[in-house]
Amino acid sequence: YNTQSLKQPLFDMKLDVQNLSFKEAFNAFNTIKVIAPIAGLLDGTFSTKFNFAGEIGQDMTPVFKTLDGSGIIDVVKAAVSDVKIVDQISRLTHFEELQNFVIQNKRIDAQIIDGSLVIRPFDLKVGDIQMTVGGSNNVNGNIDYVTALNVPAGKVGRELNTRLGSLIGNEALKTSDRITLNLNIGGTLSD
């Protein structure tokens, strides 16, 4: 805590947290509520080593838009279910296994830049879907993620296969074992 400027005091924090519940973290820490609101929707635990700094307000809470830092988030276990944006992806793609899945033992590199949590792309597998997920969410609640879904060619459904066939040719589609769908995900977690 640095009070050289009483109008804009600064803080610098190093976290080393082991096996904390996502929901407990969400309920206990305003910073988690603001920069990582998905924590309130996950069942499970995580560990983290994270360094961050910024200005602190007169009410002794961080001025979120001034936060900068970096670290790792080790997901011990996270059950993903009833997450509206994930449900929308499942409905859009007709991949039912995306409605409920578990992430285990996953290390995620992250940064905080001007109050936005930036998640470096990481890989995970849900059933026979290989996914790469990365992006950011900011202090206003907006999210901006890219998700690549690599799926067996036969899984994408007749309608999408017809569209892909018209774009790349039916023969090219027939010889493909897997297809990658790139999804841009924006908005907020609740819409």
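Here is a quick tour of this protein chain, from its overall fold down to a few side chains.

Keep in mind that the model is predicted. The protein chain has 5 helices and 8 strands, and in sequence order they read β-α-α-β-β-α-β-β-β-β-α-α-β. Out of 191 residues, 39% count as buried. The protein chain exposes about 11200 Å², with carbon and sulfur atoms supplying 51% of that area. If you look at contacts between residues at least 6 apart in sequence, 59% of them join residues at least 24 apart.

E1 covers residues 10-21 and E2 covers residues 43-55, while E3 spans residues 68-81. E2 pairs with both E1 and E3. The pairings look like this:

| Strand pair | Sense | Bridges | Residues standing opposite |
|---|---|---|---|
| E1 and E2 | antiparallel | 10 bridges | Phe11 and Gly54 |
| E2 and E3 | antiparallel | 11 bridges | Gly44 and Ala78 |

Searching the whole structure turns up 2 aromatic pairs. One of them is Phe11 with Phe52: the ring centres sit 5.9 Å apart and the planes meet at 85°, so this pair is edge-to-face, as the angle is over the 60 degrees needed. Phe11 in E1 and Phe52 in E2 are 41 residues apart, so to speak a link between distant parts of the chain.

A ring of another kind of interest is Phe26. Lys33 lies over its face, 5.9 Å from the ring centre.

Then there's the nonpolar core. Which residues have the most contacts inside the largest one? They are Phe95, Leu98, Leu117, Leu124, Met131 and Leu149, in a core of 48 residues. In soluble globular proteins, nonpolar side chains tend to be buried together.

Notes: Residues numbered from 1 in each chain as written. Predicted model: local features only at pLDDT ≥ 70, side-chain atom pairs only at ≥ 80, totals over all residues. Heavy atoms only, no water. Helix = DSSP H or I, 4+ residues; strand = E, 2+ residues; numbered from the N terminus. Buried < 20%, exposed > 50% of the residue type's maximum accessible area, 1.4 Å probe, protein only. Contact = heavy atoms within 4.5 Å. Areas by Shrake-Rupley, 256 points an atom, 1.4 Å probe, with all protein chains shown as cover. Phe/Tyr/Trp six-rings, centres within 6.5 Å; stacked < 30°, edge-to-face > 60°. Lys NZ or Arg CZ within 6 Å of the ring centre and 35° of its normal. Core = buried A, V, L, I, M, F, W, Y, C linked by side-chain atoms within 4.5 Å. Pairing = 2+ DSSP bridges.
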